[in-house]
Amino acid sequence: DRSSGPREFRPITVTSSLTRLFHRILAIRADSLLNFDDSQRAFRSGIDGCRDNTMLLDAILRSRYERFKSASIATLDLAKAFDSVEHSAIMKCGAAAGLPPPMIRYLQRFYEDGTTTLTGDQWTSLPIRPTRGVKQGDPLSPVLFNIVIDHLLRSLPTECGIPFCGRTIRAMAFADDLILLAQTPAGLQKLLDHTASFLAECGLRVNSSKCHSLTIRGLGQAKKTVVDAQQHYCVNGQQIRALTSEDTLTYLGVVFSAQGRRKFDSASKISLLLERLAKAPLKPQQRLYALKCYALPRTYHAMSLGNTTISDLNRVDIMTRTFVRQWLALPNDTPTAYFHAPVAEGGLGIPSTRWMAPSLRLSRLRGWLSQPESGTANDITSGTSVDFSSVFVRREIAICEKRLTDGRTILQNTDIIGRRWARLLHSSIEGRALKDSCYTIGQHSWVSDGTALLSGKDYIACHRVRIGALPTRSRLTRGRHGDRQCRAGCRAQETNNHVLQICPRAHAARIKRHDAVANFISRSLTRQGFELRSEPRIPTSIGVRKPDLVATMGDLAVVLDVQIAGDQVDLDYVRHEKIRKYSTLPEVSRYITQETGATNIRHLPVILSWRGVWGRRSSLDLLALGTVNRRDLTIISTRTLIAPVASGSSSDSGGSKNREFRKTTSQKVIKQKPPPVGKPLLPVVVVNKAGKETEAQRERRLREARILASQQTGAVDPLAGSGEASCVVRSRSGSDKTEMSLTSLSDSESRMEYTEDSAKRTRTQSDESEQPHLPDDSVAKRIRPDDGDGGVGDEPLDGLAEIYSLDPKVQSVVSNNMKKKRLKEGMRQPDLREVDPTTEMSELINDLALYMARDDAKIAKFASAQVGIRVRKMQDIVSRLVVENAVLRTRLEEKEEVATRLWTVMKSGTGGGIGHGGRPDATAPEGGQVKDTRERASRKPTYAVVLQGSGEMDKGQLQNSLRELSSSVTAKVERVREMRGGKVMMELATEEDRQVLLHDQRLKDLGIKAQKERKFPPLVEVKGIDREMGDDRLLDEIWQRNLVDEVPAHEFEGKARVKMKIGRRDKDQCSVILEVSPRIRDVMLEKGRVFVGWEAHKVSIFERTLRCLKCYGFAHKAKDCKKQARCGNCGEEGHLRKDCTNGVGCAVCKEKGEKGEHSTWSETCPEARRRREKWRERTE
């Protein structure tokens, strides 16, 4: 549709398969028969033409530039070369090259009989018989074109060319890309004339507008080379463009200049491709596929043959990981190895250009050395060209090996690079659980399978669970202090493993995950003809065994039990224990034989981790039996990964939760019938219990209900006090009804009366030393309701709200009311010193009692009693510690008061406040003379004045003038020191002395300018900032998310700016140094951290002290150091740190003759402290 004429169309040859096969055989035989000139390196078997020509051109340009030699080079562009070469020229050049006459006749007949027709709208042209051009798409066409170009290369004048490594290089050809080389401009013009004449005879034409010339003139005496842009050349009477020293030349995708290969800007090229992928309407897995198979491979050619640097390659990797994090919604602290490790090892399989580009270049360089010698005179890799291979190629190989060195290992190929990334991934905290991924082939193939198996949302969810990137408290507070306890009230650290494997709130999600795996296997077995029994109850001597599936077929019975294990356990050990659970009980085999008649019983546990990693032995057993195939293993892995997030066990990017995950308690309160006249209305708590139960179980359940009712309904605690009946607890067990009234008797005993059918029983509980009040069993901690915003709350609701909070909407309303109440009270954090530990321990015991009173309790009675005893002992210990703490606090306050009074007396400069024996006098002032003890820690203020001579007054004249005035100056001078630029600084005792010196008229008369010492704005360091974040965006984030209430916008914009960024350049994060005002500094340091995006970053004061890395002194750099080098470990001279065998010592202190037993970098070094103090004095 965009064509403008017939010239833009090109016919394609479509011949029969038999003809193409025949021509392929002819092409192979002709290539082996003909002895092509080695200057033509296209369409040659076993030769990397792009590598050879680019390396040869680079070597020639470098050699000319380094040895100050002249060279003239021209690049020629042939206009439609394959379409324009005449058939007669092909036959003539073929005969000259040595093709057999039968083949010449066959080719002549083949091209003469070929016709082409054009078809339009309801019309077809007459057959057209072409007389020029080789047939596009025919296997024989490249060989025929090479024959024509080979005839040209062999006919070039031998007196022209550039001598290089024992031979003369006149031309380089890659198909129709020609480069002509000569030592002089006249020689190059002669080559151009001969080439244009030969091409015209063959029907080819040079497009002069796309040709370029480069003339290098070597000035041997001046030891330099220059590019002569005034030298011009002509082709067919038309002048071609001459390149300057700033111009570049692109040949075979590699950019060259007059000095050789130019630096390839890989970051800018890959950024355009990544932006196009990000804007394209693709799913995440489609973007990853396009990244690995399209975007990155497009740059491999230029990276491997062009001139690249490690910093550029690292930038490409950082940019790639940034986009992939956005596509997969991964946090910034996702391990770098996860992106580059192979898919089979648990990673994403994205190639790292930092290692891929040098590896590809190394393999191509080694291919140059290993290619076979042709033995011809023009072969650059044989004969006298050994110097070129040894000097240039081996030097490039050494550079590549240095770039590929990791420790003591050279990462020579992609397999070794992949093992390195896998090792780094498996050594990280998040990737440790993926270590066994390589043992089960294909289990992670969903990563690169495309969209057939997973949607985009599920694909993202699988990756987040696989690498453990769910937003748990442990992950969100990593690297800083914060509450890490589970938000479900479990009193355990909230980690991914806890949420997905242990937390009671995720119990429904775990059941759904387990059932998804079991159902998939059952469907697979059904399709294979197995007869299934789901969850049979098998009675044994040690309890009931209930495997997930028992599949039978003939005499074979397979017992399958699914288990999703944790990520830090040995899966093979879990399999062994699961087999032992069923195989060691003869009742299981006897039951299966009786029910199915099968005698060959096999136990095949289905073991996976919640990361989607199969147990090695488990997967092999299932594959060997034929129960599942490798594709099924992949599907089961994805179902294991999707189930937790899909069920809401952890919040996704939208914050959605599963309804099962929101349940908080299994008890409920029902309305009570109106009481008889004269009786009070008592709240009723109903506990549902299905099935039959024994008398002991019934009594235990009612006791638990009593504790729950007394705590949740506001009733008087029946275990600690007296009073009337406070509530009624009714229990329903099928048709059985039980009613219990709570009646408190005394402190030492309580009575529980209840009616059951027509019988009435009375039970007396003795004091807690004989009968612990803690419940018998428990399975989960007290679960707290959700916040109104969909998250998990940190504080429990009150008792009534917790009982009536079955509906999520009610939970949300109550949570919002609690939030408003906290906001109204000012959201003040409780002071730990104001909290009574004894009261807190009592609340903990009550909470523990409620925890053990739940229906799903599983702790044995003896264990429950032991927990109660230990908790009470802990309460006694805390009580004693509280008393001791109060005593110590009183003593500390007395000591601080005495120290304050002593400091006040010393500050006043009089001894009136000191009594006999150096003790403080009772009559010492306690009022206005007493200052805060924090003033003692502050540094002494300095009152400095900088003196500078005006006009042509030099340093000596300034000092002589100051000496003349020294006797008459009334101000008290404490210190004088020289400054840069001939200035002098005087440090005075008081502010009054400084004002006297600043306004001294005698200084002005002598031409001396006095001014206050310039102080610099304070610097603040913010750590862990993304290196790619812009300065304006960073400042906006800091102000809007942290300082909007304390600092006005105009003040922040005028006083805050980014000074610099420090840190390793190969890392994604860096530290940003901000130049701010003192007020902004104080606000940021008081907060201790600032929020940027979704992360918190530590804030600290930045004190910049210039230090030498040679002698480890201060105030100068290593390049300007004139002292002897010292060891950074022991501080001695004569050896370096890597060779040191001495102990730790300070180089600065030992240079001064001191002991210096501390480290060179220790903050306790007196000189380092003095330098820091000096920096603080010069800071606002």
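A polar contact is a pair of N or O atoms within 3.5 Å, in which, within protein, one atom must be able to donate a hydrogen and the other to accept it. In this predicted model, the side chains of Q40 and N146 form such a contact, at 3.4 Å.

Q40 is placed in the loop between α1 (17–33) and α2 (49–66). Because buried means under 20% relative accessible area, Q40, at 0%, counts as buried. A polar atom of the Q40 side chain also lies 3.1 Å from the backbone nitrogen of A42. Once residues up to four places away in sequence are set aside, Q40 touches N146, I149, L153, A173, F174 and A175.

Helix α6, which spans residues 141–154, contains P142. P142 has a relative accessible area of 22% and is partly exposed; the cut-off for a buried residue is under 20%, so P142 does not count as buried. The C-alpha atoms of P142 and A27 are 8.4 Å apart in space, although the two residues are 115 apart in sequence.

The account now turns to the chain as a whole. The protein chain has 1180 residues, of which 44% are buried. Its secondary structure comprises 37 helices and 40 strands. Of the contacts between residues at least 6 apart in sequence, 65% join residues at least 24 apart. The accessible surface of the chain is about 63000 Å², and carbon and sulfur atoms account for 50% of that surface.

Which residues touch the most other members of the largest nonpolar core? They are L291, V324, L560 and V606, in a core of 108 residues. Leaving out residues up to four places away in sequence, L560 is in contact with I521, L525, P547, D548, L549, A551, L604, V606, L622 and T627.

Eight aromatic pairs are found in the whole structure. One of them joins Y338 and F339 in an edge-to-face arrangement, with 6.4 Å between the ring centres and 70° between the planes. Y338 is buried, with a relative accessible area of 0%, and F339 is likewise buried at 0%. Elsewhere, F22, Y106, F110 and Y111 form one aromatic cluster.

Two arginines are placed over tryptophan rings. R420 lies over the face of W421, at 4.8 Å from the ring centre. The charged end of R1107 is positioned over the ring of W1161, 4.6 Å from the centre of that ring.

H444 lies in the loop between α15 (414–427) and α16 (456–466). Is H444 buried or exposed? Its relative accessibility is 3%, so H444 counts as buried. The side chain of H444 makes a polar contact of 3.1 Å with the side chain of S437. Beyond its neighbours within four places in sequence, H444 is in contact with V343, A344, G346, S437, R466, G612 and V613.

Y300 belongs to helix α10, residues 297–305. With a relative accessible area of 16%, Y300 is buried, because the cut-off lies at 20%. The residues that Y300 contacts, its neighbours within four places in sequence aside, are P351, M356 and L360. Y300 and T353 are separated by 53 residues in sequence, and their C-alpha atoms are 8.3 Å apart in space.

K223 is not a glycine, yet K223 has a positive phi of about 55°. K223 is located in the loop between β8 (212–219) and β9 (224–227), and is exposed, with a relative accessible area of 56%. N236, also not a glycine, has a positive phi of about 55°. The loop that holds N236 runs between β10 (234–235) and β11 (238–239). At 53% relative accessibility, N236 counts as exposed, because the cut-off for an exposed residue is over 50%.

Note on methods
Residues are numbered from 1 along each chain as its sequence is written. This is a predicted model: local features need pLDDT of at least 70, side-chain atom pairs count only at pLDDT 80 or more; totals for chains, interfaces and linings use all residues. Side-chain values use heavy atoms; hydrogens and water are left out. A nonpolar core is a set of buried Ala, Val, Leu, Ile, Met, Phe, Trp, Tyr and Cys residues joined through side-chain atoms within 4.5 Å. Buried means under 20% relative accessible area, exposed over 50%, partly exposed in between (1.4 Å probe, protein chains only). Contact means heavy atoms within 4.5 Å. Helices (H or I, at least four residues) and strands (E, at least two) are DSSP runs, numbered from the N terminus. Accessible areas come from the Shrake-Rupley method with a 1.4 Å probe; for residues, only the protein chains shown count as cover. Rings of Phe, Tyr and Trp (its six-membered ring) pair if their centres lie within 6.5 Å; planes under 30 degrees apart count as stacked, over 60 as edge-to-face and the rest as tilted. A charge sits over a ring if NZ of Lys or CZ of Arg is within 6 Å of the ring centre and within 35 degrees of the ring normal.
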